[in-house]
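Hi everyone, thanks for coming. Please take a moment with the picture on the screen, and then we'll walk through it together.

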Amino acid sequence: MKIEFQPLHPTFVARAGKVDLRQVTESQLQQIRDAMDRYGVLIFNDQQFDFKEQLEFSTRLDGQLHSKTSSAAIAKNRFGNEALTDISNIGTDGQVLAANDRRRMNGIANRIWHADATFENPAGRYSLLYARSIPPVRADTEFADMRAAYDELDEQTRQEIAGYTVFHSIVYSRHVMGFDFSDEEKARLPGAIHPLVREFPETGRKSLYLASHAERIMELPVPEGRLVLRDLIEHATRERFLHSHEWRLNDLVIWDNRTTMHRARPFDDKRYKRELTRVTTLDLPRAQA
Ligand code: OGA
Ligand code: MN
């Protein structure tokens with residue numbers, strides 16, 4: 001059976017038609033990968049995943065899973081599997097986290113534009129975020145199309161940035177927010193270098209590869225590189241490149257961290273519970289089918 005994809009924005013993001021992702025065939029998995037190449041973000045409503053099923057589907061879709069997360073560095077995972085990242089505002093007692101809880105402060109940094117696991121090598125490829133409980137108020141996730149943003153750069157800028165490489169560090173991006181890891185935690189989060197412009201042979205397209213974690217351009221003096229990064233993020237997050245996802249219970253949203261950035265929108269997280277689980281796959285060469 002063919003999965004239908006309905007575009008939700010002029011350049012990226014689509015909603016998939018009815019499908020149970022626990023039951024997909026190999027051919028449907030390939031349809032989803034192709035749609036990811038085309039749209040960068042896919043929305044699947046009404047999925048029924050327990051933890052194991054979410055992990056299994058993610059592995060089937062894209063191979064190896066990322067587990068060296070910042071939340072893994074600061075606290076033991078509530079689910080006993082570091083590949084299942086707890087994107088919630090709930091503690092082990094089931095209650096909302098206190099304002100100054102370190103897990104909350106680390107988590108709310110998701111409100112700055114970023115892509116997942118850019119501070120690792122291999123970095124993150126797909127992220128699969130599943131809504132297990134949602135608050136009665138809007139608590140959207142917003143996406144930015146980094147391929148469309150690249151396409152709209154002027155020729156001079158494209159030439160200037162073509163060979164640049166960027167050091168990504170979550171220790172840096174959290175520090176900017178006023179949140180510091182201990183030395184022991186830092187040792188688990190050393191950072192990684194990636195090209196600023198990524199090229200994808202499968203689509204022939206190029207993308208800006210940026211995130212809050214982007215600390216410096218290796219080829220430039222630090223302040224100069226920071227200005228370039230800041231301008232590019234400003235450009236890439238202009239209104240026309242953005243799409244906001246309003247969560248429904250049991251939505252699974254998959255995004256490609258190589259071609260999009262995202263951020264959580266603020267809500268009253270000290271009052272309402274919001275519980276999602278995320279699996280991120282590693283950006284490794286795909287096994288030949
Ligand atoms: C994530 C993330 C945003 C949100 O899961 O990687 O950044 O809205 N989430 O929770
Ligand atoms: Mn994220």
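How far does a polar side-chain atom of Arg 278 lie from an oxygen atom of ligand 1? The distance is 2.5 Å. Asp 116 also brings a polar side-chain atom to an oxygen atom of ligand 1, at 3.0 Å, and for His 262 the value is 3.1 Å. A polar contact here is a pair of N or O atoms within 3.5 Å; within protein, one must be able to donate a hydrogen and the other to accept it, and residues adjacent in sequence count only if both atoms are side-chain atoms. Taken alone, ligand 1 exposes 290 Å², and the protein buries 99% of that (Shrake-Rupley areas with a 1.4 Å probe).

Before going on, a word on where this comes from. This is a predicted model, in which local features need pLDDT of at least 70 and side-chain atom pairs count only at pLDDT 80 or more, while totals for chains, interfaces and linings use all residues. Residues are numbered from 1 along each chain as its sequence is written, chains are lettered from A and ligands numbered from 1 in the order in which they are written, and side-chain values use heavy atoms, leaving out hydrogens and water.

Back to the ligand. Its shell, meaning residues with a heavy atom within 4 Å, includes Ile 87, Asn 110, Trp 255 and Arg 274. Sorted by type, the shell has four nonpolar, four polar and four charged residues (Asp, Glu, Lys and Arg count as charged; Ala, Val, Leu, Ile, Met, Phe, Trp, Tyr, Cys and Pro as nonpolar; the others, Gly among them, as polar).

Now zoom out. The protein chain has nine helices and 15 strands, which are DSSP runs numbered from the N terminus (helices: H or I, at least four residues; strands: E, at least two). Its C-alpha atoms fill a box of roughly 50 × 45 × 35 Å along the principal axes.

Finally, look at the loop between helix 4 (102–108) and strand 5 (124–133), where you'll find Pro 122. A cis peptide bond joins Asn 121 and Pro 122, with omega about -5°. Ala 117 is in the loop between helix 4 and strand 5 too, and has a positive phi of about 55° although it is not a glycine. Why point these out? Because most residues other than glycine have a negative phi, and most peptide bonds are trans.
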